[in-house]
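Here's a quick briefing to read alongside the structure. Take a look at the chain first, then go through the points below.

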Amino acid sequence: MDSTTTGKILIGGLRFSTEQVLASLSGIAPDCHDFISILGELAEEKINLPFLCLQAVNDGCAAVSLSRKDFDQFWPDSDAAQSFGVGTELISSTGSLTLFPHQSRLRTLGAMLEIFAENRLSLYSLCSSLSALVINTDFCQLERAAQVLQTSFQLPDNHAPFRQQTKHDKIENQTSSGDHLSVLETAAVYWEPVIKIYGSSIKKDLLITTAYIPQDKLAWLGKELQAVEDGRGIFEMALMQRVDDSAYKLGLLYENRRVKAYRRLFSAAGDLFSRTEHREAELLYLHGPHFHDRYGVASAALASLQDKGCELFAVGCSGTSIYLITPEKKGQRSAEALEKIFIVPKLS
Amino acid sequence: MSDKQLILVVDDDTDLVEALSMKLESEDFAVAKAYDGVEGFEKIKAKRPDLVILDVMMPRKDGYKLCDELKNDDEYKDIPIILLTAVTDAINSTNYTHMGGKTTLADDFIPKPIDLDKLMEIVKDTL
């Protein structure tokens with residue numbers, strides 16, 4: 001059962017990140033060379049990226065989050081935007097709101113977008129993982145966002161707290177107060193030259209549609225997504241980024257067999273969407289390299305793919321896993337290019 | 001009412017919960033999900049699963065504590081628990097090691113990152 005008698009969508013929970021700085025990059029070249037160099041520099045400085053969303057086609061753009069603490073430490077005085085290159089907007093106090101599980105339902109994605117739009121909550125970027133939808137908004141708006149989301153989403157009784165205390169919080173709190181807090185260690189912080197993963201999988205016969213949407217049509221988009229296939233529409237991956245003060249760039253990945261339903265959606269949009277492009281694609285999914293816990297994972301992946309000349313349409317790293325959208329029939333080649341840095345350990 | 005065996009997956013890594021659920025459902029198990037130890041205990045009381053797959057590093061109540069509580073409770077001590085133990089050898093400062101996991105009363109252990117096929121073998125052997 002996915003909804004209550006009140007019509008709310010049942011979910012497993014909501015989570016807030018700690019305070020972050022969001023770098024919103026535009027004008028990224030199709031080969032992503034400069035962007036990958038930036039990721040390499042951040043990895044060398046041991047800076048972890050809890051969120052990364054890259055749309056490399058139809059005018060490349062990317063959103064990258066850093067913890068506020070890392071940002072202040074790395075750029076105490078200098079112009080950070082310069083480090084990220086031309087066309088970077090730095091948003092200084094953001095937070096990620098994670099809703100899970102989305103169960104691949106457009107109804108869930110659409111409802112979330114509609115609520116954000118109707119409540120005038122900032123939406124800087126969005127990326128889905130296998131289980132979750134992650135939205136970057138203003139840090140100070142997280143509580144309000146969680147409150148208004150509960151008008152359409154039903155949380156379980158005794159659900160986990162939205163704001164999770166980390167081992168780092170514990171250390172800081174002990175330093176400031178001298179009290180011992182019984183905060184549990186929930187994240188491992190480490191780095192390995194070879195990154196262990198649970199496995200990888202390739203999903204084929206997909207389409208990715210990218211389009212530019214006026215900001216004031218976000219609620220309309222949310223409603224339309226909820227209506228796809230009479231509320232039973234399914235997506236494979238969703239990416240979204242605010243590209244300027246008036247528009248979002250949307251990337252939607254879906255199964256080719258659902259093309260009619262999506263065609264109706266884009267047809268209904270008419271002139272509301274601009275520069276709409278469709279591409280045949282595959283999704284390469286690396287399960288659980290604990291992307292958000294350790295630095296260098298995205299850099300290692302994208303640099304390896306670049307070295308092997310593997311083209312990418314989009315990349316999403318918003319939970320523990322990495323999602324790479326490749327051109328049709330290129331997923332396997334990309335998987336092979338990553339074999340030396342991502343291994344699946346076997347038990348003896 | 002389904003006659004499928006019910007597996008409860010308890011982990012704060014939502015992507016792993018989803019991946020495990022998909023794998024278990026493809027093997028014809030029913031799946032319940034919880035995202036920390038407190039919620040996990042609530043689900044165990046409410047649903048009485050046939051087996052629990054339990055992470056160790058979680059907010060509110062860790063897997064060691066939940067395992068200990070269940071195995072010392074006459075009501076729940078017979079529910080098999082597979083503990084997902086230490087993340088990697090590369091962590092040099094953690095309270096949660098694979099060796100630490102082995103000192104618990106869990107029925108079996110599997111280190112992270114998980115080999116999903118191996119985990120399915122353990123699940124079937126344990127039930």
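Of the 127 residues in chain B, 50% are buried, meaning that 20 or more other C-beta atoms, placed from the backbone, lie within 10 Å of the residue's own. Keep in mind that this is a predicted model, where local features need pLDDT of at least 70, side-chain atom pairs count only at pLDDT 80 or more, and totals for chains, interfaces and linings use all residues. Residues are numbered from 1 along each chain as its sequence is written, while chains are lettered from A and ligands numbered from 1 in the order in which they are written.

**Layout**
- Chain B has 5 helices and 5 strands; these are DSSP runs numbered from the N terminus, with H or I over at least four residues for helices and E over at least two for strands.
- Starting at the N terminus, the elements of chain B go β-α-β-α-β-α-β-α-β-α.
- Take the contacts in chain B between residues at least 6 apart in sequence: 65% of them join residues at least 24 apart (a contact means C-beta atoms, placed from the backbone, within 7 Å).

**The sheet**
- The 5 strands of chain B form an open sheet with parallel pairing, in the order 2-1-3-4-5 (strands pair if DSSP finds at least two bridges between them).
- Strand 2 (30-34) and strand 5 (108-111) of chain B are at the edges with a single partner strand each, so one side of each has no neighbour in the sheet.
- Strand 4 (residues 81-85) of chain B runs parallel to strand 5 of chain B, joined by 4 bridges.
- B:I82 has B:D108, in strand 5 of chain B, as its bridge partner.

**A helix on the sheet**
- Helix 1 (residues 14-26) of chain B packs on the sheet and touches strand 1 (6-10), strand 2 and strand 3 (51-55) of chain B.

How values were computed
Buried ≥ 20, exposed ≤ 12 C-beta atoms within 10 Å, placed from the backbone. Contact = placed C-beta atoms within 7 Å. Axes fitted to C-alpha atoms, helices over the stretch in contact; angles between N-to-C directions.
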